[in-house]
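Morning, everyone. I have one structure for you today. Please take a look at it before I start.

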Amino acid sequence: MNRLIIARFWPFALILLLICFTYLYSVKNVQQQKGTQCQLFETQTCVVSIQGLDFSGRLLRTAEVEEEINIELAYPSQYTLQQSYIQGINMYMGQTALINTASSTEDGMTTAKYLFFLGACSERDMRWQLVLLFVNPATLDEKRLFFNFDTHY
């Protein structure tokens, strides 16, 4: 009797085990995406302090869709910007790259300017998220930041 039960239900147990492993792996990946959030309002500077280090972002003018938009980022010079893109929060618009236009380092801080373009969609009030991954090449320490902002048309 026991062998019959085991023979019938082992495939289900195996599938359940695979589902559990898949879930645990996906939870780990979601945790890796966690970072510090900051809200960009018009052209105000948004500063994030992580473990005593300041990272900041500032739109150089109010963000508008289908227009060239410039942003200035300031971060500790021991870090490099390894990954950066903009994605939609309340709509899917893919990922938009940032283009570096200028960079300088002074007093242990790097100040860099980037430009980007945002497309328009049927949603008139769009929420965006700038995703930044900074890495210290010497220690491999990573800092992930999310700067959120809105556009309206």
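In what order do the five strands of the open sheet come? The order is S2-S3-S4-S8-S7, and the pairing is antiparallel. One thing to keep in mind: this is a predicted model.

Now the edges. S2 and S7, which covers residues 99-106, each have a single partner strand, so one side of each is left without a neighbour in the sheet. On average, neighbouring strands here are turned by 15° against each other, direction ignored.

Let's zoom in on one pair. S2 and S3 run antiparallel, joined by five bridges. Look for Val47: Ser56 in S3 stands opposite.

Next, the core. The largest nonpolar core has 29 residues. Those with the most contacts inside it are Ile71, Phe116, Leu130, Phe147 and Phe149. Which strands supply at least two residues each? They are S2, S3, S4, S8, S9 and S10. S9 gives the largest share, five residues. As a general point, nonpolar side chains tend to be buried together in soluble globular proteins.

Take Phe147 as an example. Beyond its neighbours within four places in sequence, Phe147 is in contact with residues including Cys38, Val48, Leu73, Trp128 and Leu132. Ser56 is also among the contacts of Phe147.

On to charges. How many salt bridges does a search of the whole structure find? Three.

Number one: Arg58 with Glu72, at 3.4 Å from N to O. Arg58 sits in S3 and Glu72 in S4, so this pair ties together parts 14 residues apart in sequence. Arg58 is partly exposed, at 26% relative accessible area.

Another pair is Glu64 with Arg61, where the closest N and O atoms are 3.9 Å apart. Glu64 counts as partly exposed at 38% relative accessibility. Arg61 counts as partly exposed too, at 34%.

Then there is Asp141 with Lys143, with closest N and O atoms 2.9 Å apart. Is Lys143 buried or exposed? Lys143 counts as buried, because its relative accessibility is 5%, and the cut-off for buried is under 20%. Asp141, at 26%, counts as partly exposed.

Let me stay with Asp141. This residue is in strand S10, residues 141-152. The side chain of Asp141 also makes a polar contact with the side chain of Tyr79, at 2.4 Å. Along the chain, Asp141 and Tyr79 are 62 residues apart, yet their C-alpha atoms are separated by 8.6 Å.

Conventions: Residues numbered from 1 in each chain as written. Predicted model: local features only at pLDDT ≥ 70, side-chain atom pairs only at ≥ 80, totals over all residues. Heavy atoms only, no water. Helix = DSSP H or I, 4+ residues; strand = E, 2+ residues; numbered from the N terminus. Polar contact = N/O pair within 3.5 Å; in protein donor to acceptor, adjacent residues only side chain to side chain. Core = buried A, V, L, I, M, F, W, Y, C linked by side-chain atoms within 4.5 Å. Buried < 20%, exposed > 50% of the residue type's maximum accessible area, 1.4 Å probe, protein only. Contact = heavy atoms within 4.5 Å. Pairing = 2+ DSSP bridges. Axes fitted to C-alpha atoms, helices over the stretch in contact; angles between N-to-C directions. Salt bridge = Lys/Arg side-chain N within 4 Å of Asp/Glu carboxyl O.
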